[in-house]
Amino acid sequence: MSAKSDIIKVTPSEFIGVGNMKETITSNGHLCGYCHGNGFFWSGQYREHVKKDCPVCNGSGQLDAVITIEWKPSKQ
């Protein structure tokens, strides 16, 4: 099984300043762990099987990670 590995180097940007102390990084296309990437589950009883979308990924089979970094002054 393949694994996606990303490295985030955390360094304050030169554009960080008063009123602009947050930044957001998005990492797309991670396999949904709840449905194992299928995007659905089979449900039903007695010969009736119905596909139901995964409640976590809404049927896509993938999830996106949104990482927010908030910068603040160090306490000394």
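Q: Quick one to start: is Trp-42 buried or exposed?
A: Trp-42 is exposed, because its relative accessible area is 55% and the cut-off for exposed is over 50%. Keep in mind that this is a predicted model.

Q: Okay, and which residue does Trp-42 pair with? I mean the aromatic kind. How many aromatic pairs are there in the structure?
A: There are 2 aromatic pairs in the structure. One joins Tyr-34 and Phe-41 in an edge-to-face arrangement, with 5.6 Å from centre to centre and 80° between the planes. The pair with Trp-42 in it has Phe-40 as the partner, and that one is edge-to-face too, at 5.8 Å centre to centre with 80° between the planes.

Q: Why does an 80° angle make the pair of Phe-40 and Trp-42 edge-to-face?
A: Planes over 60 degrees apart count as edge-to-face, so the 80° between the rings of Phe-40 and Trp-42 puts them in that class.

Q: And where does Phe-40 sit in the chain?
A: Phe-40 is part of strand 2, a strand that covers 40-43.

Q: Is Phe-40 buried or exposed, or something in between?
A: In between: Phe-40 counts as partly exposed because its relative accessible area is 24%, and buried would need a value under 20%.

Q: What lies over the face of Phe-40?
A: That's Lys-51, placed 4.3 Å from the centre of the Phe-40 ring.

Q: How far is Phe-40 from Ser-60?
A: Their C-alpha atoms are 8.5 Å apart, while along the chain Phe-40 and Ser-60 are separated by 20 residues.

Q: Let's go back to the other pair. How exposed are Tyr-34 and Phe-41?
A: Tyr-34 counts as exposed, since its relative accessibility is 51%. Phe-41 has a relative accessible area of 32%, so Phe-41 is partly exposed.

Q: Which residues make up the nonpolar patch on the surface?
A: Tyr-34 and Phe-41 are in it along with Val-56, and together they have about 280 Å² of accessible area.

Q: Where's Val-56, then?
A: Val-56 is in a loop that runs between strand 3 (50-53) and strand 4 (62-70). With a relative accessible area of 42%, Val-56 is partly exposed.

Q: How far is Val-56 from Pro-12?
A: From C-alpha to C-alpha it's 33 Å, and in sequence Val-56 and Pro-12 are 44 residues apart.

Q: New topic: what about the whole chain? How many helices and strands does it have?
A: It comes to 0 helices and 4 strands. Going along the sequence, you get the pattern β-β-β-β.

Q: Is the chain compact or spread out?
A: It is more spread out than a compact globule, because the radius of gyration is 20 Å, well over the 11 Å that the globule rule gives for 76 residues. Along its principal axes, the C-alpha trace spans about 65 × 30 × 25 Å.

Q: What share of the residues in the chain is buried?
A: Buried residues account for 12% of the 76.

Q: Now for the backbone. What's the phi of His-36?
A: His-36 has phi near 60°, which is a positive value in a residue that isn't glycine. His-36 lies in the loop between strand 1 and strand 2, and it is exposed, with a relative accessible area of 62%.

Q: And what is the phi of Asn-58?
A: Asn-58 isn't a glycine either, and its phi is positive, at about 55°. You'll find Asn-58 in the loop between strand 3 and strand 4. Asn-58 is exposed, with a relative accessible area of 62%.

Q: What about the part before strand 1? Where does Glu-14 lie?
A: Glu-14 lies in that segment, ahead of strand 1 (22-31). At 72% relative accessibility, Glu-14 counts as exposed.

Q: Last one: where is Met-21?
A: Met-21 is also in the segment before strand 1. Met-21 is partly exposed, with a relative accessible area of 30%. Between the C-alpha atoms of Met-21 and Lys-75 there are 16 Å, and the two residues are 54 apart along the chain.

Key
Residues are numbered from 1 along each chain as its sequence is written. This is a predicted model: local features need pLDDT of at least 70, side-chain atom pairs count only at pLDDT 80 or more; totals for chains, interfaces and linings use all residues. Side-chain values use heavy atoms; hydrogens and water are left out. Rings of Phe, Tyr and Trp (its six-membered ring) pair if their centres lie within 6.5 Å; planes under 30 degrees apart count as stacked, over 60 as edge-to-face and the rest as tilted. Buried means under 20% relative accessible area, exposed over 50%, partly exposed in between (1.4 Å probe, protein chains only). A charge sits over a ring if NZ of Lys or CZ of Arg is within 6 Å of the ring centre and within 35 degrees of the ring normal. Patches are made of residues with over 30% relative accessible area and no salt bridge: like charges are joined within 9 Å, nonpolar side chains (Val, Leu, Ile, Met, Phe, Trp, Tyr) within 5 Å. Accessible areas come from the Shrake-Rupley method with a 1.4 Å probe; for residues, only the protein chains shown count as cover. A salt bridge is a side-chain nitrogen of Lys or Arg within 4 Å of a carboxyl oxygen of Asp or Glu. Helices (H or I, at least four residues) and strands (E, at least two) are DSSP runs, numbered from the N terminus. The radius of gyration is taken over C-alpha atoms; the globule rule is 2.2 Å times the number of residues to the power 0.38.
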